[in-house]
Amino acid sequence: MAAFPCMTIFFLVSSTLAQIVFSEIFKPHDYSKWPMPPCKMYYPLDPLYDANCPEVTAYVCATNGHTYKNECFLCVDQWEFGPHIKFDKYGKCD
């Protein structure tokens, strides 16, 4: 008789945890609420110094329609070629 309440409690706890885990996995992410890249941290201190961006793949889309490998590459292009290159969104461009 004591096993029945334990089984019920186990079932209720496990179903609640499963709902929390699966709702977070399949929840759509709103990338528009993410902060813009902190470009100042990627700018070289010396104009003759080449910026070394990490080889991390975290795609960033710019307003010029170009997909950059990560935010560092976007920021360096913005620094080299002018402020007309702006951050659009995280992820690949459509």
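Figure 1. Asn70 is buried, with a relative accessible area of 5%; buried means under 20% relative accessible area, exposed over 50%, and partly exposed in between (1.4 Å probe, protein chains only). This is a predicted model, in which local features need pLDDT of at least 70 and side-chain atom pairs count only at pLDDT 80 or more, while totals for chains, interfaces and linings use all residues. Residues are numbered from 1 along each chain as its sequence is written, and side-chain values use heavy atoms, with hydrogens and water left out. Asn70 sits in the loop between E2 and H2; helices (H or I, at least four residues) and strands (E, at least two) are DSSP runs, numbered from the N terminus. The Asn70 side chain reaches the backbone oxygen of Val56 at 2.9 Å and the backbone nitrogen of Cys72 at 3.0 Å. With neighbours within four places in sequence left aside, Asn70 is in contact (heavy atoms within 4.5 Å) with Cys53, Pro54, Val56, Ala58 and Val60.

**Figure 2. Helix H2 and its two ends.** At the start of H2, the atom of Asn70 that comes to within 3.0 Å of the backbone nitrogen of Cys72 is a side-chain oxygen. The buried residues in H2 are Glu71, Cys72, Leu74, Cys75, Val76 and Gln78. Their cover includes E1, E2 and E3. Gly82 follows H2 and has a positive phi, near 115°.

**Figure 3. The disulfide between Cys53 and Cys72.** A disulfide is taken as a pair of cysteine sulfur atoms within 2.5 Å, and by this rule the count comes to two. One of them joins Cys53 to Cys72, with an S to S distance of 2.0 Å. The torsion about the S-S bond of Cys53 and Cys72 is about -75°, so this disulfide is left-handed. The pair links distant parts of the chain: Cys53 lies in the loop between H1 and E1 and Cys72 in helix H2, 19 residues apart. Cys53 and Cys72 are both buried.

**Figure 4. The disulfide between Cys61 and Cys93.** The sulfur atoms of Cys61 and Cys93 are 2.0 Å apart and form a disulfide. With a torsion of about 110° about the S-S bond of Cys61 and Cys93, the disulfide is right-handed. This pair also links distant parts of the chain, with Cys61 in strand E1 and Cys93 in the segment after E3, 32 residues apart. Cys61 is buried at a relative accessible area of 4%, and Cys93 counts as buried at 19%.

**Figure 5. Nonpolar cores.** A nonpolar core is a set of buried Ala, Val, Leu, Ile, Met, Phe, Trp, Tyr and Cys residues joined through side-chain atoms within 4.5 Å. The largest has seven residues: Val60, Ala62, Tyr68, Leu74, Ile85, Phe87 and Tyr90. E1 and strand E3 (87–90) each supply at least two residues of this core. Apart from it lies another core, of six residues, including Cys39, Tyr42, Cys53 and Cys72. Not counting residues up to four places away in sequence, Tyr68 touches Ala58, Tyr59, Val60, Ala62, Phe73, Leu74, Asp77 and Ile85.

**Figure 6. Salt bridges.** Two salt bridges are found in a search of the whole structure, each defined as a side-chain nitrogen of Lys or Arg within 4 Å of a carboxyl oxygen of Asp or Glu. Lys69 and Glu55 meet through their side chains at 2.7 Å, N to O. This pair links distant parts of the chain: Lys69 is in the loop between strand E2 (67–68) and helix H2 (71–81), and Glu55 is in the loop between helix H1 (3–25) and strand E1 (60–62), 14 residues apart. Lys69 is partly exposed, at a relative accessible area of 30%, whereas Glu55 is exposed, at 61%. The other salt bridge is between the side chains of Asp94 and Lys89, at 3.3 Å, N to O. Asp94 counts as exposed at 92% relative accessibility, and Lys89 as partly exposed at 25%.

**Figure 7. Confidence along the chain.** pLDDT is the predictor's confidence in each residue, from 0 to 100. The protein chain has a mean pLDDT of 79, and 79% of its residues reach 70 or more. Confidence in the protein chain is lowest in H1, at a mean of 71, and highest in E2, at 94.

How values were computed. A polar contact is a pair of N or O atoms within 3.5 Å; within protein, one must be able to donate a hydrogen and the other to accept it, and residues adjacent in sequence count only if both atoms are side-chain atoms.
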